[in-house]
Amino acid sequence: MHDDLVKQANLIRRRSLAMVHRARLGHPGGDLSSADILSVLYFGVLRIDPKDPSAPDRDRFIMSKGHCSGALYAALAAAGFFPLEDLDTYMQPLSALNGHPDRNKVPGVEACTGPLGHGLPIGAGAALAAKMDGAAWRTYVLVGDGELQEGSNWEAAMMAAHYGLDNLTVIVDRNRFQQGDATETAMRLEPLADKWRAFGWTVAEVDGHDHEALWSLLQGLPLQPGKPNCLIAHTHKGKGVSFMEDRVEWHHRVPSGEELDRALEELEAHGQ
Amino acid sequence: MSELFDCRQAFAQALEELASADPRIVVVTNDSIGSSNITNFRKRFPERFVNVGIAEQNLIGVSAGLANGGKTPFVCGAACFLTGRSLEQVKVDLGYGRANVKLCGMSSGMAYGALGPTHHSIEDLAWTRVIPNLAIVVPADPEETRQAVHAIARTDGPVFLRVSRMPVPAVHPAGYQFQIGRAAVLREGTDVTLIANGTMVSRALAAAGMLGEEGIQARVLNLSTLKPLDREAVISAAGETGAIVTVEEHSIHGGLGSAVAEAVVSAAPAPMRILGVPGVFAPTGPTPWLFEHFGLTAQGIRDAARELVYGRVRDEAQTRTGD
């Protein structure tokens with residue numbers, strides 16, 4: 001299975017980069033930093049059925065960092081929620097694949113996200129609904145690290161702990177960069193794990209590009225009964241493409257044709 | 001003087017009726033328990049009562065999530081915070097996301113009186129009216145409030161229900177059937193139409209009574225659903241009575257008056273007067289005093305209607321002289 005997770009992550013990277021190139025718009029840095037997390041979730045963890053995307057007992061995954069829609073759509077298409085060919089319509093006129101995901105247009109999308117700090121409150125509400133029903137389905141929310149500067153996340157963090165939502169897991173894509181700068185320069189987040197712990201969450205830190213480590217943590221939920229789970233996934237913005245890694249400009253820079261070719265070449269060499 | 005009622009009681013009672021019949025109904029609040037009159041709901045349905053604390057962005061997000069998980073959340077809080085503090089969540093999580101969430105804005109308009117403009121909610125209709133998919137209901141009396149609570153629960157999708165804490169008389173005849181999107185003609189008339197909702201409906205009716213004594217026949221329309229607008233009722237009123245006065249416990253910008261004007265100007269242009277708060281923050285004063293201050297009284301409505309009608313008579317006379 002882990003070979004498959006690696007392969008799927010590589011495909012998410014290649015497809016999302018091609019999508020951004022074609023659309024001349026997008027957020028490749030964050031697509032690449034979150035690709036491994038998405039691969040582990042969609043191909044190793046989430047109990048979802050692309051043929052029945054609104055089954056009441058499905059797991060919920062909320063991509064709070066909605067600007068990384070390229071990676072999300074690539075994962076959803078590979079998981080069978082819609083045809084791979086649809087990825088070619090990314091941000092084209094009348095495409096369902098808007099720059100930020102629309103739950104009413106794209107099967108498998110649980111929430112309309114894009115403005116930051118929306119996903120975790122929605123995830124907390126979904127997790128609370130499952131608790132009320134004594135249902136076994138789980139809720140996962142992927143947030144960007146810069147996104148945690150939005151106060152609504154901490155409102156939700158407080159509330160999730162208060163209600164003992166151990167069926168809720170937030171994964172922080174800790175790639176250390178946001179649009180304009182390094183997170184610690186723009187607005188310091190550290191000590192990040194301590195913040196979550198102080199809000200009543202159980203925290204695990206993990207290499208966000210290590211499929212095996214991510215997978216085994218996500219198999220062992222809750223980390224501690226009665227408490228919501230926070231995985232701080234240490235990642236690299238632009239991961240997998242040498243000239244994009246850890247470079248802030250790739251937050252939303254669009255690769256030229258030549259850059260795309262070089263990127264795909266590197267990824268193909270590393271992929272399987 | 002007829003008996004006055006606090007619509008929040010009818011609201012709470014209807015909510016409990018609903019919850020007894022439908023296990024999906026949950027209440028979510030930003031600690032506005034007493035002011036939303038949901039203390040008894042909490043006692044009866046503690047497992048379906050969610051207090052998120054004083055955190056309105058999270059309040060709306062959590063409600064959207066509960067709806068995603070199959071619940072029908074009724075979100076209770078002061079209208080000013082419920083809309084203004086969480087407007088982007090209302091736009092994106094509820095409107096754009098078409099979440100089945102019922103926003104119940106309490107103590108709307110200037111109900112908080114001398115607490116001042118921070119607590120007044122005279123912008124909420126303008127803010128919510130521009131959000132697609134979001135229906136807006138402003139009931140006028142306890143019976144309409146009760147029926148509206150049941151009706152919005154049956155409607156799939158987000159709704160903003162604007163509830164006042166100002167005591168109001170019953171304005172509807174026995175057997176009244178509230179329907180989302182349908183305005184109610186509470187008095188027939190041919191000379192001018194008074195269009196109101198919420199706390200202003202009883203005042204519009206009183207104004208129509210005063211106008212009747214002067215020989216002016218005013219139609220009174222309770223436009224309790226602001227969105228989707230009952231265009232037919234509004235356009236007929238414009239065409240058949242030739243003049244419209246709107247009155248709302250809200251800014252004159254972006255609310256009921258604007259909605260009516262938008263419909264009238266394109267389909268049946270007619271002179272209008274828009275009564276409300278004229279684009280200012282209210283001075284300090286209790287609610288009834290503020291209503292007087294801004295002319296949101298039967299007399300104020302009568303005067304505006306009179307001006308329109310006599311202005312038209314004058315115009316017609318001048319036109320005839322011109323012939």
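## Close-up views of chains A and B

**View 1. Surroundings of E56(B) in the predicted model.** E56(B) touches E155(A), N30(B), F81(B), R85(B) and S86(B), leaving aside residues up to four places away in sequence. The model shown here and in the other views is predicted. E56(B) belongs to helix α3 of chain B. The relative accessible area of E56(B) is 6%, under the 20% cut-off, and therefore E56(B) counts as buried. D31(B) is 25 residues away from E56(B) in sequence, and the two C-alpha atoms are 10.0 Å apart in space.

**View 2. Helix α3 of chain B, residues 56-68.** This helix has 13 residues, and the distance from its first C-alpha to its last is 18 Å, close to the 18 Å expected at 1.5 Å a residue. α3(B) is mostly covered, with 12 of its 13 residues buried. Among the buried residues are N58(B), L59(B), I60(B), G61(B) and V62(B). Further along α3(B), the buried residues include A64(B), G65(B), L66(B), A67(B) and N68(B). After α3(B) comes G70(B), which has a positive phi, near 100°.

**View 3. Contact between chain A and chain B.** Chain B contributes 27 residues to the contact and chain A contributes 25 residues. About 2100 Å² is buried between chain B and chain A, and carbon and sulfur atoms give 53% of this area. N58(B), N68(B) and Y96(B) supply 28% of the area that chain B buries against chain A, more than any other three residues. Two of these residues, N58(B) and N68(B), are also listed as buried in α3(B).

**View 4. Helix α4 of chain A, residues 119-133.** The end C-alpha atoms of α4(A) are 21 Å apart, which agrees with the 21 Å that its 15 residues should span at 1.5 Å a residue. Of the 15 residues in α4(A), 12 are buried, so the helix is mostly covered. The buried residues include G119(A), L120(A), P121(A) and I122(A), as well as L128(A), A129(A) and A130(A). G134(A) follows α4(A) and has a positive phi, near 60°.

**View 5. The open sheet of chain A.** Five strands of chain A form this sheet in the order β1-β2-β3-β5-β4, and the pairing is parallel. The edge strands are β1 (60-63) and β4 of chain A, each of which pairs on one side only. From one strand to the next, the twist averages 20°. Strand β3 (residues 168-174) of chain A is joined to β5(A) by six bridges, and the two run parallel. Within this pair, R174(A) stands opposite H234(A) in β5(A). In a regular strand, side chains alternate between the two faces of the sheet.

**View 6. The β-α-β unit of chain A.** β4(A), helix α8 (residues 211-219) of chain A and β5(A) make a right-handed β-α-β unit. Strand β4 (residues 202-207) and strand β5 (residues 229-234) of chain A run parallel and are joined by six bridges. T202(A) in this pair stands opposite N229(A) in β5(A). α8(A) lies across β2 (139-144), β3, β4 and β5 of chain A, and runs at about 160° to β4(A).

**View 7. The open sheet of chain B.** This sheet has five strands in the order β7-β9-β8-β11-β12 (chain B), with mixed pairing. β7 (184-187) and β12 (272-277) of chain B each have a single partner strand, so one side of each is left without a neighbour in the sheet. The twist from one strand to the next averages 25°. Strand β8 (residues 192-196) and strand β11 (residues 244-251) of chain B run parallel, joined by four bridges. A196(B) stands opposite V247(B) in β11(B). Helix α10 (residues 256-267) of chain B lies across β8, β11 and β12 of chain B, and its direction is at about 145° to β11(B).

**View 8. Helix α8 of chain B, residues 201-213.** The 13 residues of this helix should span 18 Å at 1.5 Å a residue, and the end C-alpha atoms are 19 Å apart, which agrees. V201(B), S202(B), A204(B), A207(B), A208(B) and L211(B) are the buried residues of α8(B). Just after α8(B), the phi of G215(B) is positive, about 90°.

Note on methods: Residues numbered from 1 in each chain as written. Chains lettered and ligands numbered in written order. Predicted model: local features only at pLDDT ≥ 70, side-chain atom pairs only at ≥ 80, totals over all residues. Heavy atoms only, no water. Pairing = 2+ DSSP bridges. Right-handed = clockwise from strand over helix to strand, strands pointing away. Expected span 1.5 Å × (residues − 1). Buried < 20%, exposed > 50% of the residue type's maximum accessible area, 1.4 Å probe, protein only. Axes fitted to C-alpha atoms, helices over the stretch in contact; angles between N-to-C directions. Contact = heavy atoms within 4.5 Å. Buried area = accessible area lost by both parts, 1.4 Å probe.
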